[in-house]
Structures are given as C-alpha cells and as structure tokens.
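Reader: I am new to this structure and would like to go through it by question and answer. Please show it before we start.

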Amino acid sequence: MTEIRFTIDGRACTAKPGQTIVDAAKANGVYIPVLCNYEGLKPAGSCRICTVRVAGRYMAACTQPVTEGMAVENTAPDLEDMRRSLIEMLFVEGNHLCPSCEKSGNCELQGLAYRYRMLSPRFPYLWPVRTVDATVPLLMLDRNRCVQCLRCVRGVTARDGRKIFASVERGARVTIEVDKKLAARLSEEEARRAMDICPVGAILRKEKGFALPIGKRKFDHAPIGSDIEKGIGR
Amino acid sequence: MPQEKDIILKHPKDPEALLDVIRDVQARDGRVSDDAVGRIAAHLKLSEADVRGAVTFYHFFSLAPRGASTVYLNDSITSRMKGRTAVARAFEEETGCRFGEVSADGKIGLFPTSCIGMSDQEPSAIVDGVVFTALNPEKARAIVRGLRAGTPAQDQVVAFGDGLNQSELVRAMVANNIRKRGPVLFGAHEPGAAVRKAAAMTPEQVIDEIKRSGLLGRGGAGFPTGLKWEFCRREKAPQRFVVCNADEGEPGTFKDRVILTELPRLLFEGMIVAGYAIGAKTGVLYLRSEYAYLRPHLESVLADLRKDKLLGRKIAGSGSFDFDIVIKSGAGAYICGEESALLESAEGRRGEPRDRPPFPVQKGYKDQPTTVNNVETLATAARILVEGAAWFKALGTAQSAGTKLLSVSGDCSRPGVYEIEYGLTVASLLEMAGGTGAKAVQVGGPSGSCIAPAGFGRKIDFSDLATGGSIIVFGPDRDIFEIVANFMDFFVEESCGWCVPCRAGNVLLRKKFDKVARGLGTEGDLRDLETWGKLVKATSRCGLGQTSPNPILTTLKSFPDLYEARIRKGEEFVPDFDLAAAVQAGCTAANRQPECKESLHD
C-alpha cells in the first residue's frame, strides 16, 4: 500500500490512503484532541475540538483525510486557544457539575478541560433548563450533561438498525431523545455500551454507580491523550 | 380512524417519504400527534425518536397544535422596517393570543417565521400556505375575521399580482416587481432551444461550452459550474443526479421566486441540459416550503415539457437521452439551502449538513454523484448554451462573466428584481432602485456584508462583493444595532445545532452584542465580539456558522463610530446583569427605590 507523507507541526509523519488526520496523527504518536470522535463510528465533526490548520484553512481533523504533502498545524497557540474556547463553550451551554457526576475522572470533557487548564470559562454561563429522562428501564438520560456529540445517535441502534437515540429540535434547543419502545429492549450489555459510548455523564446506567474508586479512573494519573503521546519517539 | 390510515399509508414504505408523510399529517391535523408519530414510524420502519427528530427540525412541522388555521408572519428585518410590529399587534388583538400560541378556540395559531422571500412587498405572511403581502393592521384583522367566519385563506385573496401570479394555477397576490430585464435571464428565448442544442452536442461539448463561458454559481459560493458538471460526470457510479436548489432562504432574497414564477421553462431546460451533460436520468427540484404555492404551476410546466418531448424518454430526438424532473418540498429551514443539508432533507431526514469530503459531486443525492446548482445558475446555463460562451463572456467583467439577478428591498422607492451586469457599483444600484441617501446597504443578506456609504463605490462581482443577490437598503434613520440584532436572532434560530461553535457560539455572540447594544459594553467586549466572531467563523462545520458572525463583524468594520459611541470607554468592567432593572418590579411593589443602582451602573 502506498504511504502518504505529511507533517504535523513540522514533524514528518505517514498515513494510509483515506486515513483521517486524527487517526493518522494517533498512529504517529501525535495527540489531536477529540470529543465527538469515537473509534469505529463514522466521524461526525460536531465538537470541532480537533480543528487543525492546513495552509491557512481550518478543518476538523476527524473528518478530513490526509493528503500527500499536507502540512498540518496542531499546536499553534492561537489554535490551542480556539480549542479551549470550544471546550469552555460546552461548559457554559450545558449544566456540568463535575463533583457529583458519576463520570467524573472518566469524563472526556472534564479530561479535556484539565488538559487545557481551564479554570473558569471566558463565556457567561447560559444555565439552560434541561430535562432528565429516567423512563427507560436500564438507563437514564441527563440532558444537562449532554454535549450533543452524537456518539449515541451513531453508535447505539436496535438490531434492525433503527436509531435508539436521535436529535430533536434544532439550534441551541437541540437535544437528544431516546426512543422508549426500542430502549426498553436494550440488554444489560447494550446499556453498558451506551453508557461507555457517551463521553460525559449524559447516559448513565441506572441503579449502579460510583463503582470505580478515585485513583482508578481513566484520567486520574495522566491527562487525556497521554496514552497516544507515549508513542512519541517510538 | 380509517382516514388517518390513508394519509400515512398512501405513501411508499420508504424513509425518504418521511417529510411528505409529516407534511400531509401536519396539513390535516395542524400538528403531528404522538399517535401519528407512532404510525409514521411503523409505516416507514423508523424509530419514533427519528420521526420526532424530523418533525421538530422543520419550522412548519410541530408536535404541539398550531391551530386549525396557522398564520406565519415574516420576522425579517425588511418586514420590521415596513410595519411588522403593528401588524403583529393587530393579529394578536384580533385572535386574543400571542405569537407562539394558538387562540383559545383552537382556530388560529400565530407564529413568527424567517424571511419568506417577499422582501419587496412586506410585511408578509403565509396563512395556511397562502401568501399575503403588503399587510397592514386592517388587513391582518380582516384575515382573522375571515378565517373565523370560515372563509379559507385562498378565498381571501381577491387581487392577484402581475404576470403568471394571476394564472389559474398560482392565483397569488404576489407581485413580480421586475425592475430591470437583462439580456441573459430576460432575453428572448425560444422554448426548447437549449435542450435541442444540447442534444445535438456531446455531453463533453456542453460542459466545455459552460466552462468557457466562465459561469460561476449564482447561489453565493461562486463555484465554476462547468467544472462542477465535469467532476460529476467523471465519477463512476450507477446513476447521477441533477439537483436544483430552489431553497433561497437568505433574508432579503426573492429573485428565484421570480424565476420560478415567470421563467420555469428556462430553469427546467437548464436542469435538462445539466442532466445531459453529467449523464443523469433524474433531476430534483428542491422547492422551499414558502414557495409551495408555486408547486401546481411548476408541475404543470413539467407536464407541458413532457408533452413537448423535452422531458421523458429520448428527449429532443436524441435517441438515447432519458430525463425527468421531480419536485421535493422543504418545510422551513434556512440551513437546507446549504447543498449537503438540502440533500439530507431531500432524502427525508433532518436538514443537517454533511461532512466534506465526499463532496456532492462524488456522493450526493442517494449517495450518487450529484450536481447541486442554484435556480439562477441553471436558467443562465440554458441561455449560455443557446447564445454561446463568447456572448456570455462579453457581459459583466473579466473575472465575473454575465449578469446577476439581484433582489433589492428595504428603504428604496423601487424594490424588486434587477438583472444587472457584474461590475455595477453599489451607488449605481442605489440610484436605479431609488435608494440614494442610504445609511447602509446589506449586500448578500445577513451572511454577507453591511456596507457604509464610504463603500458604495464598491462593485458587485466575484472579486469584490460576491453575493447570492440579496440587497437590503437601510435609510438614514435606521438603527444599525436593531438590524444586527435581527440578523443574529435569525442565525440563532436557523442554526441546525450540530456543531458547537455555531450552536453555542452564536448564542454567546448574540448575548454579548446585546450587552453592547444596551450600553453596557466595554472596549473589552468589542474585542470579545471580534475574537468570538472569528472563532465561530473558523471552526464551524458549514457555511452557516462560517458566515453567521458577519452582521457583527462587518458592522464593527463599517461603523466603528457607532460601537465606540455605545460603549463605556475607559471602564474596565461593566456587568451584563442589571441588578437595578432586575429588582425594579419588586421595588415598585414595595414602593421603594432600588438601592443598588449607583454601585453597579453609574
């Protein structure tokens, strides 16, 4: 297979044809922050946190395939500040109360906020009124914590392919709705997967929680993305 | 209810029919009930959540009742400039309900809506699918009384507009307001000439002719049309499609309305020519819901074309070229003018844009190579084929060949459509339209630029002021802040909500702008507006968010003095929250003065 040569912040990298910038970067030990992206799901390009710059143009690295000779800017200070802005936007457009959230320590949004050293957001809090849907047997859907990444929409389907989660409304009112009839048939394992696929604490397994002690959670010891960066110099 | 069954079951069991099914249910019931959601989902093998997703995405669909009759009053800036506030009040007084509500007897619902393509005859409204233009409070009251008395909206239209607006199949009070006829769109055209000419050429020759003409897309983006067709033709695929984007939703634009009314044959010829060029058998006209009143007229033109052997099998004696056109309707969503969102909508889903690549020429309608072209682009292409590339190239400027159809509205004595040659200055246009003395001109609608008099020497073409054609004139007494606020409200309402910067960023920009407009801004707030605006533009997923901060950014540039005068210079921090105002009601009730006023804002 022909290899594509490209650079990230000047560092020579290689990619397979059709590989996205995010995936190719990962394979080369370079971390590009992502939130909506999830291995095995079709990229959605919804969070825009993976925004990179190529020849002066901004693009989402999770949806953009690498092309020969591409010079990707990933860590330019202004670019990193844009990413931090987007993370902050997510914090102000929802109601995120980390200390009481079951996903704390495993939450990718929280992980990104720590990595980007967010102290307090530059934007005013919007304090939206959002609802919790606990009518489904195994799961509860807390829209306060939802970041509209669409991972559940893309990744959790019924056996016949029908969507269990779908977006309703539009614009700032957009929110996730769970199909009650289909969700009622979710198995224990499928419910677990729905919770795992959610990067934040919006989809939670009911009646079980806080099982992992502090210190054993995903991001307790090293910032999000560290696993990818360990590959550097390989 | 056996009737309910029919309305849903008569549609094919194909998810692509989703919007058509919802439209029928909405039209009959004034809503899509839980019960209907369940039945639609079962019929189309979709999840109920999916069906709700589609219903709630489109402005003209609703889960909650919208009334036996529904009034959608245009909320665009031109509507406001021409007296919308008084008209809205009249509607509210006469129905006894507020906008966003349904009258107590359930008979009439009042709802605001984004620009409906009538900016040259505002205030306008759509009542049960029927367009009412040039409204005033008396007319508004009469409409409500008529509806209450059982007179259908269509029967309340007594005087029809000019041209084909009067035809039996349109019967609309809409006026064409064609102010300047240019040589391309309004030049003499022998019906069928473009199709016959194409059929006598090879597809490659047709593409080459369009390429040599220098035709650039008329929707606003300005992509070379011939190149788009060539890319599409080159893709190997079982089938290809031509899609005509008749979803002009940019506030202030209405030029495609006039083409669809008066020149549909020319437009369809353009689609047929495009189909021949790229090797398609099917064309889709995606018609915005606001123009649904033109659908019977358009269908009848298609029927005529079939009779004339310009559509159907072996077109124009070509021996092998089969092509037909279907019409698909939108349901109220500005974003569907974005080509990939349009395709999603045409396939029966929420109008959420797709990621590119793949581009529509690679994977478009039904995942097949598709050329999506604007109404005006296709009509122009038909004329180019007849008159030749050289003829077309001689019009306009070196980089911007040909003519452009502009929709001019606002504070001018001759609002309407103008077919002008590229290279015309804003000042010359203002003179033509009777808008001299303007304080500002909005070129390209909210997503375009707001130009101050110092920029009136600028030219309308692709190298200076590229525009889809919306031109709104603002007279000396207009408040720029009110205009910007209206435009930002529009983008907040019309964002699809998929990506973070557009969904949240526009809300935050709108709030920050409001702080400045209320006189609570600082120099820091102006810097924030600029930085946040650039952030939203740079990181948004599609053209909506990539242009939505323009009302703020271009007025900051064109009218810095206005902003400077509004802010509190030298003050480091002024809170957004006005405590005195917040406690005013309580203080009034307690019969005392707010004590916090001094410390916070003065």
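Author: Two residues are in contact if their C-beta atoms, placed from the backbone, lie within 7 Å. The model shown is predicted.

Reader: Are helices α6(B) and α7(B) roughly parallel or roughly antiparallel to each other?

Author: Helix α6 of chain B covers residues 84–95 and helix α7 of chain B covers residues 137–148. Their axes come within 8 Å and cross at roughly 30°. Angles under 35 degrees count as roughly parallel, so α6(B) and α7(B) are roughly parallel.

Reader: Which residues of α7(B) meet α6(B), and how many residues of the contact are nonpolar?

Author: From α6(B) come Ala86(B), Val87(B), Ala90(B), Phe91(B), Glu94(B) and Thr95(B). They meet Pro137(B), Ala140(B), Arg141(B), Val144(B) and Arg145(B) in α7(B). By class, the contact has 3 charged residues, 1 polar and, as asked, 7 nonpolar.

Reader: Which element gives the largest share of the side of chain A that touches chain B?

Author: Between the chains, 36 residues of chain A are in contact with 33 residues of chain B. On the chain A side, α2 (77–93), β8 (165–168), β9 (175–178) and α5 (180–183) each supply at least two residues. The largest share is 6 residues, and it comes from α2(A).

Reader: How many residues of domain 1 of chain A that touch domain 2 of chain A are nonpolar?

Author: The domain assignment of chain A gives domain 1 as 4–75 and domain 2 as 86–205. In the contact, 11 residues of domain 1 of chain A face 14 residues of domain 2 of chain A. On the domain 1 side, 2 are charged, 1 is polar and the nonpolar residues number 8.

Technical notes: Residues are numbered from 1 along each chain as its sequence is written. Chains are lettered from A and ligands numbered from 1 in the order in which they are written. This is a predicted model: local features need pLDDT of at least 70, side-chain atom pairs count only at pLDDT 80 or more; totals for chains, interfaces and linings use all residues. Axes are lines fitted to C-alpha atoms, for helices over the stretch in contact, and angles run from 0 to 180 degrees between N-to-C directions. Helices (H or I, at least four residues) and strands (E, at least two) are DSSP runs, numbered from the N terminus. Angles under 35 degrees count as roughly parallel, over 145 as roughly antiparallel, 65 to 115 as roughly perpendicular and the rest as oblique. Ala, Val, Leu, Ile, Met, Phe, Trp, Tyr, Cys and Pro count as nonpolar, Asp, Glu, Lys and Arg as charged, and the others, Gly among them, as polar. Domain bounds come from an automatic or database domain assignment.
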